[in-house]
Number of protein chains: 2
Amino acid sequence: MQTPSQISSVNHPKFQIEVDVVVFTLRENRLQVLLCCLQMNDSWRLPGLPLQADSTLEETAAHCITQYTGLHEAYLEQLYTYYDSCEQIASVVYFALVPADSLLNAKDESASKWFPVDDLPALAPNHKEILTYALRRLRYKLEYSAVGFELLPDDFTLSELQFTYELILGEKLDKRNFRRRILQAGVIESTPHRRTGEGRPAQLYRYRPDAVAEVKARRLFP
Amino acid sequence: MQTPSQISSVNHPKFQIEVDVVVFTLRENRLQVLLCCLQMNDSWRLPGLPLQADSTLEETAAHCITQYTGLHEAYLEQLYTYYDSCEQIASVVYFALVPADSLLNAKDESASKWFPVDDLPALAPNHKEILTYALRRLRYKLEYSAVGFELLPDDFTLSELQFTYELILGEKLDKRNFRRRILQAGVIESTPHRRTGEGRPAQLYRYRPDAVAEVKARRLFP
DNA sequence: GCAAAAGTGTTACAGTTACACCCATGG
DNA sequence: CCATGGGTGTAACTGTAACACTTTTGC
């Protein structure tokens, strides 16, 4: 047991703090996650950076994403903080989503690689667990907020949006119900453009930046 | 911009890490939160302890609760991690619930005090914001999980349970709908006892420890 | 016997799901 | 003209919300 005197005592050990990021994207019709190769062995880990004294946690996470993907903007959210008492390192894990079409100019492509979430390599201890948790949070979040758009380019068709949802949730959705509901929700608006290709051209939509991104919760329990 | 070389460089500053806890309970028919007096001035803060190298984050939070409330068990959940680049202290905040009847033997009563969440004193910077977030999370969590029982003694009547929900959510609930749903959910079971007092005696119920504590999410969006 | 709190069902309404065909374009 | 993906409405069903009176006890 500790005693109250510890609160203001000088017993204040110091720790390294690392900011790790679980970056998700859509590539090759699969949900993929960014991993770094761990110093020459065949084990992989989440990309991360040590916290610097004058940065914020979120800035550090953003720097990390920029470094590995070349992107300067991403949806970012704090996930969880772990502390490893063996290594005496705390790890603040963020969760990030980057759009499907934006993976062009990573500054250090050799150091990192995308992996489908259902086909992961051997991971550093804890990182498998962290990733599983991040994936659960993504699926869960998709069900009550408009976070799915963060994985799409600015303009998209309703079919692309539905496909994104199906990919993440891992189940087929009904086309008519999906369209009716997403339009009723009022979070997207049509653009003047269409996408041509095979078959009938599709109306392009964009996410309304002024949209309320979360549905108001209905009571689920009890 | 940082460079990839920082990942494996020796540029690893160290930080103090503090574990703070937002402890909620029911007292005097109000939702209350535990606060500590900040060194002789009239400002208050969340109770906290510095992380020790060989403890886990959760252990530290649990120690903190024991110290200020005398309780050895509480519902505990990580809330968020803040980093203050001025003071260079990271603060991992936990969220805790303790039952209404268990506030007996705090070891250091003079150092801390309960405040109703709608009648708070002046707080240390950030702590007001943290508390608001914790309260939001409590209300939100109540809607999809059985977390409300953590604020009640082992045995309780349905009216007490409903009153707890009403207190936290800040709205009246329909008695018949509440009872039907909580019983259908299968998370409580009746005990052989009754509570007597004014009016008709009430059946006592208890939370089923084997109950599934979260409802399976229904799709809310889109 | 009366005050006080416990306990109990039904009906109307709203939201959700399931489902199949026509449309516009490119080759 | 046909293959391909885009786009559209309705009916059954399921879950939710609203609502008032009877029961049991202590005083």
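Chain B holds an open sheet of three strands in the order β8-β10-β9, with antiparallel pairing. β8 (155-157) and β9 (188-195) of chain B stand at the edges, each with a single partner strand, so one side of each has no neighbour in the sheet. Neighbouring strands here are turned by 45° against each other on average, direction ignored.

This is a predicted model: local features need pLDDT of at least 70, side-chain atom pairs count only at pLDDT 80 or more, and totals for chains, interfaces and linings use all residues. Residues are numbered from 1 along each chain as its sequence is written, chains are lettered from A and ligands numbered from 1 in the order in which they are written, and side-chain values use heavy atoms, with hydrogens and water left out.

Strands (E, at least two residues) and helices (H or I, at least four) are DSSP runs, numbered from the N terminus. Two strands pair if DSSP finds at least two bridges between them.

Chain A also has an open sheet of three strands, ordered β8-β10-β9 and antiparallel. β8 (155-157) and β9 (188-195) of chain A form its edges, each with a single partner strand, so one side of each is left without a neighbour. The twist averages 45° from one strand to the next.

| Strand pair | Bridges | Sense |
|---|---|---|
| β8(B) and β10(B) (residues 202-207) | three bridges | antiparallel |
| β8(A) and β10(A) (residues 202-207) | three bridges | antiparallel |

T157(B) has L204(B) as its bridge partner in β10(B). T157(A) stands opposite L204(A) in β10(A).

A helix lies across each sheet. In chain B, α4 (residues 158-169) lies across β8, β9 and β10, at about 85° to β8(B). In chain A, α3 (residues 158-169) lies across β8, β9 and β10, at about 85° to β8(A). Axes are lines fitted to C-alpha atoms, for helices over the stretch in contact, and angles run from 0 to 180 degrees between N-to-C directions. Contact means heavy atoms within 4.5 Å.
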